[in-house]
Amino acid sequence: MDKIIIEGKERLFGEISIGGMKNSALPILFSCLLIEGECIIENVPRVSDIFNTLEILKGLGAYAEFVDKNTVVINSKTATNIIKNQNLVSKMRASSYLMGTLLARFGYVSLNMPGGCNFGVRPIEQHLKGFNTLGAICSENNGKIEIKTRKRLKSQKITLDKISVGATINMVLASVLISGTTIIESCAIEPHIDDLICFLNKCGAKIIRKGRTVYIQGVKRLNGCKYKISPDMIEALTYICFAGICGGDVLLNNIEASHLKYCIEIFKNMGIKIDTYEKSLRANCESDIVGQNVVTAPYPLFPTDLHPQFSALLCYTINGGSVRDDVFPTRFAYVNELSKMGAKIKLIENTAIINKSHLIGAKLDATDLRAGAALVAAALGAEGISEINNVNYIVRGYENLVDKISSLGGKIKLLKGE
Ligand code: EPZ
């Protein structure tokens, strides 16, 4: 198995480019199953979740390939609804988008329960409730989901009971070709939702979002187009945590500052100097940083996907702080790993309480994508050498992490497994 080796306490200087947003690219790539003709998707990150998605699409019979470093071409003309690589479906939460797309196109889909980062149960009852409202029949048994509709799906008003990124996306995918007007209430409004809406509208869809309500005027067909994925907000925020821990002066290019507003204010209150420009952001950290107490919530508030990395940052503040995760209350597997480094961190229900810590490098195990990023963050500021195992989790969502940190002066290397 590959390992990441880090020798901590190097300050970071220089500039890097932030990649396309994984959680935008995933629904957009799956949505190409609804589109007639060729789609050219730019700024797609080369991460394992994307490669798995291309394999799933090819397994359905579609053409789906990287045609240059970060551009993917998809043509789903020859696709069917027979999922050949169900093993990949079980590995990835984004596979759930096969439900909305294959139901809309073929009226039938059968798939393994979608997987995803293992930080607790990942229910899909909101997705199934929405499909039922549209007229489909959903059944689950032995870890398999089957969704079918005898007649055409009917436009309806869907009111989600919880703010859910995946359920919102699946309702858009299932409704975009249904004649009439479908209304979805209590939607998630993460930037990746707007990215999907923007892409589908460029393909000929008629979708409007007003606050947390999405209005879809169904169309008969969607045509291929060229589209550029928005910058990855979580990658950008993760690198600001790296800069806050290591100190130094880092310029992040290809960012969308409007997606980062809430967190930028928190970082500034901690003492990290942040300047934003047209498409870039500078993080300068030359002094001690002050801890904060944060609570995760749906966008535009504090993102759960920054929770583990932020806990690592709090270890390096003069007064500590806390992170309460109300979105994924069991997303704390990283706490044990940080404790191996000497972190003064304790867990009370779904809140991590962190005090100023003196971290020492250790042998660590990444337990999921963002927990892995938190271990990298902690190791960059720790005394001595850290070894991080289960790198496969980290490469799910961070393109060229080792090269990017190295280019900023971090002492990090990837040891390929035997
Ligand atoms: C997406 O997961 C992201 N994954 C997650 O990012 C992210 O943490 C999450 O949104 C929240 O922002 C992808 O985009 C591929 P949800 P998703 O449905 O759609 C509950 C990463 O690190 N819920 O918004 O699965 C759910 O349990 C990954 O990139 C139900 O109860 O998240 C959670 O408590 C990790 N029933 C809350 O809603 C449902 O039917 C939010 O989940 C659906 C969700």
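In the predicted model, the side chain of Lys-162 places an N or O atom 2.8 Å from an oxygen atom of the ligand, a polar contact being a pair of N or O atoms within 3.5 Å. An oxygen atom of the ligand also lies 3.2 Å from an N or O atom in the side chain of Arg-122, and a polar side-chain atom of Arg-331 is found 3.5 Å from a ligand oxygen atom. The protein buries 91% of the 820 Å² that the ligand exposes when taken alone, with accessible areas computed by the Shrake-Rupley method with a 1.4 Å probe. The ligand is surrounded by 23 residues, the closest being Arg-93, Ser-164, Val-165, Asp-305 and Val-327, where a residue counts if one of its heavy atoms lies within 4 Å.

The largest pocket holds about 1200 Å³ of space; on a 1 Å grid over the protein atoms alone, a pocket is an open set of points where a 1.4 Å probe fits, with protein on both sides within 12 Å along at least five of seven lines, and lining residues have an atom within 4 Å of a point. Of its 47 lining residues, Arg-122, Val-165, Thr-304, Val-327 and Phe-328 are the closest to the pocket centre. By class, the lining comprises 22 nonpolar, 12 polar and 13 charged residues, Gly being counted as polar. Domain 1 (3-19 + 231-415) and domain 2 (22-228) each supply at least three residues to this lining, the domain bounds coming from an automatic or database assignment.

Residues are numbered from 1 along each chain as its sequence is written. Local features of this predicted model need pLDDT of at least 70, side-chain atom pairs count only at pLDDT 80 or more, and totals for chains, interfaces and linings use all residues, while side-chain values use heavy atoms, with hydrogens and water left out.

Terms used:
Points joined across faces, edges and corners; volume = space filled by probe spheres on them. Polar contact = N/O pair within 3.5 Å; in protein donor to acceptor, adjacent residues only side chain to side chain.
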